[in-house]
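Hi,

Here is the structure I promised to pass on. My notes on what turned up in it follow below.

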Amino acid sequence: MLGICRGRRKFLAASLTVLFVPAITWIYLFAGSFEDGKPVSLSPLESQPHSPRYTASSQRERESLEVRMREVEEENRVLRKQLSLAQSRSPAHHHGNHSKTYSMEEGTGDSESLRAGIVAGNSSECGQQPAVEKCETIHVAIVCAGYNASRDVVTLVKSVLFHRRNPLHFHLIADAIAKQILATLFQTWMVPAVRIDFYDADELKSEVSWIPNKHYSGIYGLMKLVLTKTLPSNLERVIVLDTDITFATDIAELWAVFHKFKGQQVLGLVENQSDWYLGNLWKNHRPWPALGRGYNTGVILLLLDKLRKMKWEQMWRLTAERELMSMLSTSLADQDIFNAVIKQNPFLVYQLPCFWNVQLSDHTRSEQCYRDVSDLKVIHWNSPKKLRVKNKHVEFFRNLYLTFLEYDGNLLRRELFGCPSEADINSENLQKQLSELDEDDLCYEFRRERFTVHRTHLYFLHYEYEPASDNTDVTLVAQLSMDR
């Protein structure tokens, strides 16, 4: 405390000196620049020998003043340097140095940041919150297969795009059906600063097909285990999301949590919010091994580069083979294997605050996680019942989900200020055509409609097509809402 007080006194003294010395100097110069009530010019022209005001004494005074001014300027330069050094060492400077061009990790206010730090097990006020640079690209991986999963992915992506302030790169592990649907969707969506890459899920089946799985997600529910092998080798970190997720905040806040990882922590996970892994839900319930309540894998932060160095592929395979000898199959797909690995290697996990994965499963204890709306960041519909799940606040959660389900994707085509993105020829042509229309034209809305590219979602419901032999097929294209 004594050192801090001394530092603050030095800082205050330096500040006052920098302000006080120039003020005294200018008062002195201003007072001395008058002779008999008239201003004395110091310009070179008036200081020549033929000037009527020129005298030997005034010349000496002017030279003396110039010397004194140079001395004062030098003293000010030294003081400014000392002041800047004092500022860089001042604790107050560190607490207040939050640039407006950054997205802070824990939300919208000091109290919320502090509360989040306490939940995460770190209530220190000295640690500065890590930040995400304004135009840093955030990488998101999603496993998606089939018609139903594609429908869910669209709602998830809209909730992410609605809140985001950073460029996004989606890595979609998709089967042929999902790829056809989502490729068309994103092509017609034309959202700036968003990149999409597809990875063939069918090629990955052989990596996990040897694992018996009873979960409703089927074989695709195991593919998050092979992301270190699937995603590009130069990709260092990624946020992995289930398709039944809804975001209620900027995903950059979650991306910033990577900066909190220490030592050998390579997985960011939220604790499971049910008693499943405690094994007391019903008689003879025997879950896979887990650390306490275990962790839910609906939201995962993966440090891919470190996982590869740790030989993650061999680690999870050996664990799965060992446990399957007694468990025979997985009940919760990849989540069982992740938890079995963590049980043996607890140091791998950084535990995320629970609001990053509010789980609405059966037997959930999620109500103990949130107290008000500001605590909600990610909603996870991790029950086979989805929107029909029983929960005290399910109406609120359902309305949040339906908001993004019905949200007009055209409104998400906004540019990110200050973040240049690759030019989209189709988008540029569209904007050019729209700008040439006369908004005062009574038929403006109709003319605009000719150039509007509508968001197209192929095969919204399960669809099987066999061409008619006589080529007389008729296709009905309709606009529908979810309740029809």
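In this predicted model, the buried residues of helix α13 pack against α5, β9 (245-247) and β14 (378-380). Buried means under 20% relative accessible area, exposed over 50%, and partly exposed in between (1.4 Å probe, protein chains only). Helices (H or I, at least four residues) and strands (E, at least two) are DSSP runs numbered from the N terminus. The buried set in α13 is Val394, Phe397, Arg398, Leu400, Tyr401, Phe404 and Leu405. These residues lie on the same side of α13 because they cover an arc of only 155° around the axis, taken from the directions from the helix axis to the C-beta atoms.

Phe247 and Trp356 are among the residues with the most contacts inside the largest nonpolar core, which has 101 residues. Such a core is a set of buried Ala, Val, Leu, Ile, Met, Phe, Trp, Tyr and Cys residues joined through side-chain atoms within 4.5 Å. Helix α5 (residues 146-163) gives the largest share of this core, seven residues.

Residues are numbered from 1 along each chain as its sequence is written, and side-chain values use heavy atoms, leaving out hydrogens and water. As the model is predicted, local features need pLDDT of at least 70 and side-chain atom pairs count only at pLDDT 80 or more, while totals for chains, interfaces and linings use all residues.

Best wishes

Technical notes
Contact = heavy atoms within 4.5 Å.
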